[in-house]
Amino acid sequence: MIKHHPKFELLQSFVDGDLPASLSAAVAIHADMCAQCQKKIALLTDQIAETSFEENFLDRFIVDDEAVDTIDFDKMIEGITESSDIDISETKVKKSIEFANKTYNLPTVLNNIILGKTAHIGKLSRTRLELQEDEIHTSLLHIEPGGGVPQHTHKGFELTLLLDGSFHDEHGEYVKGDFIMLDGSHTHNPISAEGCLCYTVANDALHFTQGINKLLNPIGAFIY
Amino acid sequence: MQTNLLSRVTSDKPIHMSEKINHPQLCAWLSAVANTRDKVSFTHLFKFFGPKIQSIARGKFPNEAQANEVVQETMSNVWRKAHLFDKDKGAATTWVYTVMRNVTFDMLRKIKGNKEDNLSDDIWPLAESMVCESESFDDHLENKQLLSVLEQLPEAQQAVVKGFYFMEMSQEQLAVHLNLPLGTIKSRLRLALSKLKVQLGEDND
């Protein structure tokens, strides 16, 4: 069962359209797997829509707003309705991806995001999602059975959304659909016994904390 | 597995609907646009939503032209996609809000990073998605990996390998195409393949 959800503020920003694409996609993927969050999002959307389009009491007193004059609504209406074309919604294609000879179906949310090259280190494989969001890096991270990421912390935030399989760390077991947001105050050492595929978003390299693992800090950069 | 955020909502009519908005009326107009391409109803919708969208967009975009573009884009999507609105699944305001938010999101992304990937309708679908067909993310491991290794070969050898394996030209065709003796094509191909073998490992043949 899914135990980890986006917190309220994140859902709110998601609905407002204020999150970067990487995190928006993550919330959407999670909500597709989580009826509870889906319902919250629907409620928030109804509410924001309602308040956005309410006749504002104050509006009636704004008589001449110059800006409103800069746009010729009648002309716009005419232009739009000139064509009777409708948009036929395309059928959504289900895309899949292969890691370590296993095929995974990808969430359709990711359909139009370009995938970069896949890089491998030991039991980890990472495919970059080319979202071009500066310091925010988004990837698909695959861990083969028995693999893991050495004890590390985060300088920024690290979101892990489990798309398939499971992993565990000091804090417990995580399953498909879990939305795990960590920041610099967390240290963990995730291990996947059966293997897993994660959607990850991070805004800084991971930082390995323990003794010999410090030598692995290049892996931190690899995962980020 | 894929479901639509908007569609799950409704059975339990969620929030208290404001008295300030005539929901049944908006819904009727939107349905008339969807069913009969009714311009009068569209004009009513435009008069209701247009100015509000404009003032919201002015809060998000630095200049007036961009705010107007949001109005233009949102309302043309309403015109062209009204058939995707399902009155049993939610309010007209919610649907138009989704259209506006999506237009805004794609435009902001375009302005910030010059990205024109229009991801919003994947993130916030306007309607329940239809049957899914399957498609693999075009052989991402093999081809991409192969390509990156290929790029390390000298240009002359690259051309031969790409022509032979990717464009499926025969060695004879390649000789004509590249204006080279057949023997040169053959030796370049052999040379390239032996290098690739080293790079990719013996079991990739």
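Predicted model: local features only at pLDDT ≥ 70, side-chain atom pairs only at ≥ 80, totals over all residues.
Mentor: Residues are numbered from 1 along each chain as its sequence is written, chains are lettered from A and ligands numbered from 1 in the order in which they are written, and side-chain values use heavy atoms, leaving out hydrogens and water.

Trainee: Why is the pair Glu133(A) and Arg109(B) called a salt bridge?

Mentor: The rule asks for a side-chain nitrogen of Lys or Arg within 4 Å of a carboxyl oxygen of Asp or Glu. Here the closest N and O atoms are 3.7 Å apart. So the pair qualifies.

Trainee: Which elements hold the two partners?

Mentor: Glu133(A) sits in strand β4 of chain A, and Arg109(B) in helix α4 of chain B, so the pair crosses between chains. Helices (H or I, at least four residues) and strands (E, at least two) are DSSP runs, numbered from the N terminus.

Trainee: What makes Glu133(A) buried or exposed?

Mentor: Buried means under 20% relative accessible area, exposed over 50%, partly exposed in between (1.4 Å probe, protein chains only). Glu133(A) has 13%, so it counts as buried. Arg109(B) has 8%, and is buried too.

Trainee: How do you know whether Arg58(B) is buried or partly exposed?

Mentor: Its value is 31%, so Arg58(B) is partly exposed. Its salt-bridge partner is Glu64(B), at 3.8 Å between the closest N and O atoms. Glu64(B), at 28%, is also partly exposed.

Trainee: How many salt bridges cross the interface of chain A and chain B?

Mentor: The rule finds 5 there. Lys81(B) and Asp87(A) form a salt bridge at 3.8 Å, N to O.

Trainee: What area do chain A and chain B bury between them?

Mentor: About 6,600 Å², 60% of it on carbon and sulfur atoms. Buried area is the accessible area (1.4 Å probe) that two parts lose on being put together, summed over both. The contact (heavy atoms within 4.5 Å) takes 74 residues from chain A and 72 from chain B.

Trainee: What makes a set of residues a nonpolar core?

Mentor: Its members are buried Ala, Val, Leu, Ile, Met, Phe, Trp, Tyr and Cys residues, joined through side-chain atoms within 4.5 Å. The largest has 79 residues. Leu140(A), Tyr199(A) and Met75(B) have the most contacts inside it. Helix α4 (residues 92-113) of chain B gives the largest share, 9 residues.
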